[in-house]
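Me: I would like to learn how to read the disulfides in a model. Please take me through them one at a time.

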Amino acid sequence: MESRFSLIFSLLFLAVAISHANLSPEQYWSSVLPNTSMPKAIKDLLNSDLLEGKSTSVIVGKGGVNVNTGKGKAGGTSVNVGKGGVNVHAPKAKPGGGTSVNVGKGGVNVHTGHKGKPVYVGVKPGYNPFNYIYAAKETQLHDDPNTALFFLENKLRPGSKLTLHFPKPTSPATSTFLPREVAKTVPFSSQKLPQILDRFSVKPTSFSAQLIRNAVEECEAPGIAGEDKYCATSLESMVDFSTSRLGKEVVLVSTEVEKETGLQQFTVANLAKKSSPATTTAVVCHKLSYPYAVFYCHSTQHTRVYKVGLVGADGTKADAVAVCHTDTSAWNPKHLAFQVLKIKPGTVPVCHFLPQDHLVWVSKY
């Protein structure tokens with residue numbers, strides 16, 4: 001996938017940062033949140049091999065950049081960056097059929113299994129479906145009523161059935177957190193888009209350029225009324241934003257699935273409310289499609305957070321995070337949720353599950 005070019009730059013930036021950063025991202029987490037365990041969704045985005053000094057080599061020559069992770073497995077992915085841009089060679093995937101709905105990577109990608117162009121929801125060319133200021137476009141609507149991207153809160157009860165797909169998260173090797181001091185040196189604004197594309201050797205007309213442009217514009221767009229939004233370009237900045245809204249006694253929850261699944265019916269086995277009874281405020285952080293790990297975080301009120309145990313038709317178990325918004329009156333009236341659920345803003349709570357590489361911060365008390 002074209003976005004794998006980020007591996008090179010993440011490794012390069014991290015290698016430079018090791019020598020002069022006062023605290024690593026993990027150390028900063030421990031210093032600010034000593035009583036909060038780091039979830040797997042964050043650990044997966046930290047380049048532990050490089051930080052621990054394991055075998056990873058980055059060779060820069062006239063022919064481009066060669067990255068060797070030291071794993072030595074055949075059939076891997078090679079990434080070469082030269083004057084012509086980014087060239088990615090990867091093993092061919094096995095062909096598959098049927099319908100798949102991928103909730104992640106900045107949106108939902110629906111493949112119908114038929115010949116022709118797939119239907120894209122929120123990724124190409126649209127925006128993050130978890131950004132409630134945008135209206136759904138025609139290309140974002142689909143005809144399958146069983147696809148539960150958004151659902152009503154009354155579905156959260158044992159025995160309820162939902163048709164879902166939990167794809168594998170973005171590979172950690174291709175979307176890694178940069179230390180804050182390094183991230184500060186990398187441009188991140190629409191005014192500097194040409195410099196960003198040049199920095200990552202991305203052609204302006206490519207799909208990767210479109211993803212970068214969408215992410216930057218989304219971060220710069222205003223939020224809805226009552227929403228405090230922030231795009232975190234490092235783990236440290238995410239920690240600072242979230243704790244400034246919730247304090248340091250927090251819990252992080254994320255979706256975990258024992259294996260990647262195709263589209264199938266899941267049954268709700270159990271659920272537990274995770275949001276604090278004393279406050280309805282939560283900070284939800286959605287991972288964006290970008291060369292390195294960037295999260296669109298928003299502090300929202302009138303929110304209930306649940307951890308939901310699910311069992312798939314094939315026996316796959318998932319421990320999924322569901323976020324329910326109890327006040328949607330400020331959302332765009334043409335947002336995807338209202339069109340899918342056939343409801344109006346501000347009438348009933350709207351819920352959605354989170355992909356595996358998204359996060360929710362809630363107060364312990």
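Predicted model: local features only at pLDDT ≥ 70, side-chain atom pairs only at ≥ 80, totals over all residues.

**Reading the disulfides**

Reply: Begin with one link: the torsion about the S-S bond of Cys324 and Cys351 is about 105°, so this disulfide is right-handed. Residues are numbered from 1 along each chain as its sequence is written, and side-chain values use heavy atoms, with hydrogens and water left out.

Me: What is a disulfide, and how many does the rule give here?

Reply: A disulfide is a covalent bond between the sulfur atoms of two cysteines. The rule here is a pair of cysteine sulfur atoms within 2.5 Å. The count comes to three disulfides. With bonded cysteines counted along the chain, the pattern is 1-2, 3-4, 5-6.

Me: Which cysteine is joined to Cys219?

Reply: Cys219 is joined to Cys231, S to S 1.9 Å. Cys219 belongs to helix α7 (residues 207-220) and Cys231 to strand β10 (residues 228-232), so the link ties together parts twelve residues apart in sequence. Helices (H or I, at least four residues) and strands (E, at least two) are DSSP runs, numbered from the N terminus. The torsion about this S-S bond is about -90°, so the disulfide is left-handed.

Me: Are Cys219 and Cys231 buried or exposed?

Reply: Buried means under 20% relative accessible area, exposed over 50%, and partly exposed in between (1.4 Å probe, protein chains only). Cys219 has 16% relative accessibility and counts as buried. Cys231 is buried too, at 13%.

Me: What do the buried residues of α7 pack against?

Reply: In general, an α-helix has 3.6 residues a turn, so residues three or four places apart point the same way. In α7 the buried residues include Leu211, Ala215, Glu218 and Cys219. The buried residues of α7 pack against α6 (193-199), β10 and β15, where contact means heavy atoms within 4.5 Å.

Me: Which disulfide involves Cys285?

Reply: Cys285 pairs with Cys297, S to S 2.2 Å. Cys285 lies in strand β14 (residues 282-287) and Cys297 in strand β15 (residues 295-300), so the bond ties together parts twelve residues apart in sequence. The torsion is 110° about the S-S bond, and the link is right-handed. Cys285 and Cys297 are buried.

Me: How many bridges pair β14 and β15?

Reply: Two strands pair if DSSP finds at least two bridges between them. β14 and β15 pair in the antiparallel sense over six bridges. Within the pairing, Ala282 stands opposite Thr300 in β15.

Me: What is the strand order of the open sheet?

Reply: The open sheet has five strands in the order β10-β15-β14-β19-β11, with antiparallel pairing. Its edge strands are β10 and β11 (250-253), and each pairs on one side only.

Me: Where does Phe130 lie?

Reply: Phe130 lies in the loop between β7 (119-121) and β8 (150-152). Phe130 is buried, with a relative accessible area of 1%.
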